[in-house]
Amino acid sequence: MMFCANWILPASLRTSLPENQERKNDKAPSKPPDVCYNVEKVNKEGPHHLMLLWKALDFQDANGLVIGYQVSYRQINHPFLSGTTNTTGLKTVFEVTEDGLEVSVMAYNSAGGSPKYHLMIDQSIHQMLPPVRRLWVNSEEDGLLLQWDIGHISLPVNEVAIEWATNSTHPTTSHWKRVNGSSRSTVLKDNLQPWTIYIVNVYPISYQLCGPPISIYADLKHGALLGVAQLHIEHVTINTVTVQWQWQQMEVLPKVLQYRILLMLGKIPVESFPVWPDVRQHTFFKLLANKDYSIHLVVETSNDNISREIITIKNSDVEASDKNIVTTCLIALLIITIGLFFILYKTV
C-alpha cells in the first residue's frame, strides 16, 4: 500500500459524525502534528518496531475538533511494503523490516485533512535517545505525583511526554500530558478514578527523536504499585559485597515514598542510597575485614521508615569467600608451575 495522494475521511468516521458536525467545521486543520519516532530493534533478523508519537494540535490550528489521524509509512528499499492506518490516539506502532523509512502523519476533522508531516528515517546514521531513569509515582490528594530523572544524555531533551491508561490488555483510551524537557516532575489530575489501576508511560523527546517508554503501575490510593522483593547477597569478598533484588508489581501498604538499601556496621549506618525500578544491583566497597555487617531494605513512608528485610553478612562468609579465592589462585598457580616444569624437563 503506497501513500495516499489525496486525503479521504474513513467511512467508519464519516458515519459516526453527528449530523451537524460537517456544517460546523468548514475548515480543515491548518498545521500538521509534530511527530517523533523511536525504532526498537527486537533482534538482528526479525522485524523492527517503529513507534510514532505526535502532539495534539492546538485548538486554533485544529479549526475545531480533530476526530482522527492518518499515519502512513513506506520502506524505501521495498516500496511495495507500505502501510496506512487511521487512529484517534496520539501513538501508533508498526512492524518494519528495514532502516530506511518515509513516514507521514496528518490530522483531520470533518472538513478535511491537515498538511502532512513528513519524516525521513535512516537508522544507520541517527542517534538513539535513552529512556528516563528513576521513575516513581506518589499519590497526592486527588492526583498522582510523577518524578523522574533524565540522566546524562548528549542530546537535548526539549519535552517529556506522559501517557496514562487503565491497566487492561488493550486499553481503549490513553490520556496525554507534555511538559518541558527541564522538568523532573509533574502532577496528573485529569481522567483519574479511585480504585482504578493505571499504567503510566514516560517518553523523553528530542525534537524528532523519542526514547523508549519507561512504565510504572499506580493508583490514587497507594501511588506506585511496585515493591522490592528477593533481596539477597550475590557476591562477597574481604572488602566488598554485592547485593541484588527484584521489582514486583504489588499493592503496597502504607504508601511508599521511596526504597533505600542501607549498609550497617553493627548499629552504625555506613552507607545508604535510594533504589529505583531501573536499578537491580549495587556493590558496597571498602568493607573492613572481620567485622559484622548487615544490609537493610528500608521503606520510607510519610510517617516512618521501616526495615523490611535484613541480611547479616557474617565474618565467616567474608573469610570463607576470601579463602576460597586464595585457595583457587594457589591451585591454579601450582598447576601452571607443574605444567611448565614438565615442558622444560621434556625440552631439556
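Me: Where is Ser114 found?
Reply: Ser114 sits in the loop between strand 7 (112-113) and strand 8 (117-122). Helices (H or I, at least four residues) and strands (E, at least two) are DSSP runs, numbered from the N terminus. This is a predicted model: local features need pLDDT of at least 70, side-chain atom pairs count only at pLDDT 80 or more, and totals for chains, interfaces and linings use all residues. Residues are numbered from 1 along each chain as its sequence is written, and side-chain values use heavy atoms, with hydrogens and water left out.

Me: Is Ser114 buried or exposed?
Reply: Ser114 is buried, at a relative accessible area of 5%. Buried means under 20% relative accessible area, exposed over 50%, partly exposed in between (1.4 Å probe, protein chains only).

Me: And what is Ser114 in contact with, leaving aside neighbours within four places in sequence?
Reply: Pro29, Lys31, Pro32, Pro33, Met106 and Ala107. Contact means heavy atoms within 4.5 Å.

Me: Switching to salt bridges. What does the count come to?
Reply: Seven salt bridges. The rule is a side-chain nitrogen of Lys or Arg within 4 Å of a carboxyl oxygen of Asp or Glu.

Me: Which residue does Lys55 form a salt bridge with?
Reply: Glu159, and the closest N and O atoms are 3.1 Å apart. The pair links distant parts of the chain, 104 residues apart. Lys55 is in the loop between strand 2 (48-54) and helix 3 (59-62), while Glu159 is in strand 11 (residues 159-166).

Me: Which residues are linked with Lys55 in a network?
Reply: Glu159 and Arg178: with Lys55 they are linked in a network of salt bridges.

Me: What about Arg74? Which side chain does it meet in a salt bridge?
Reply: That of Glu102, at 2.9 Å, N to O. Arg74 lies in strand 3 (residues 68-75) and Glu102 in strand 6 (residues 100-109), 28 residues apart. Arg74 counts as buried, at 16% relative accessibility.

Me: And the partner of Arg260?
Reply: Glu300, with a salt bridge of 2.3 Å, N to O. Arg260 is in strand 20 (residues 258-265) and Glu300 in strand 23 (residues 293-300), so the pair ties together parts 40 residues apart in sequence. Arg260 is buried at 16% relative accessible area. Glu300 is buried at 18% relative accessibility.

Me: On to strands. What do strand 9 and strand 10 form?
Reply: A hairpin, with two residues between the strands. Glu141 in the turn has a positive phi of about 55°. Six bridges join strand 9 (residues 133-140) to strand 10 (residues 143-149), and they run antiparallel. Val137 has Leu146 as its bridge partner in strand 10. Two strands pair if DSSP finds at least two bridges between them.

Me: How many bridges join strand 19 to strand 22?
Reply: Four bridges, with strand 19 covering residues 241-249. Thr242 has Thr283 in strand 22 as its bridge partner.
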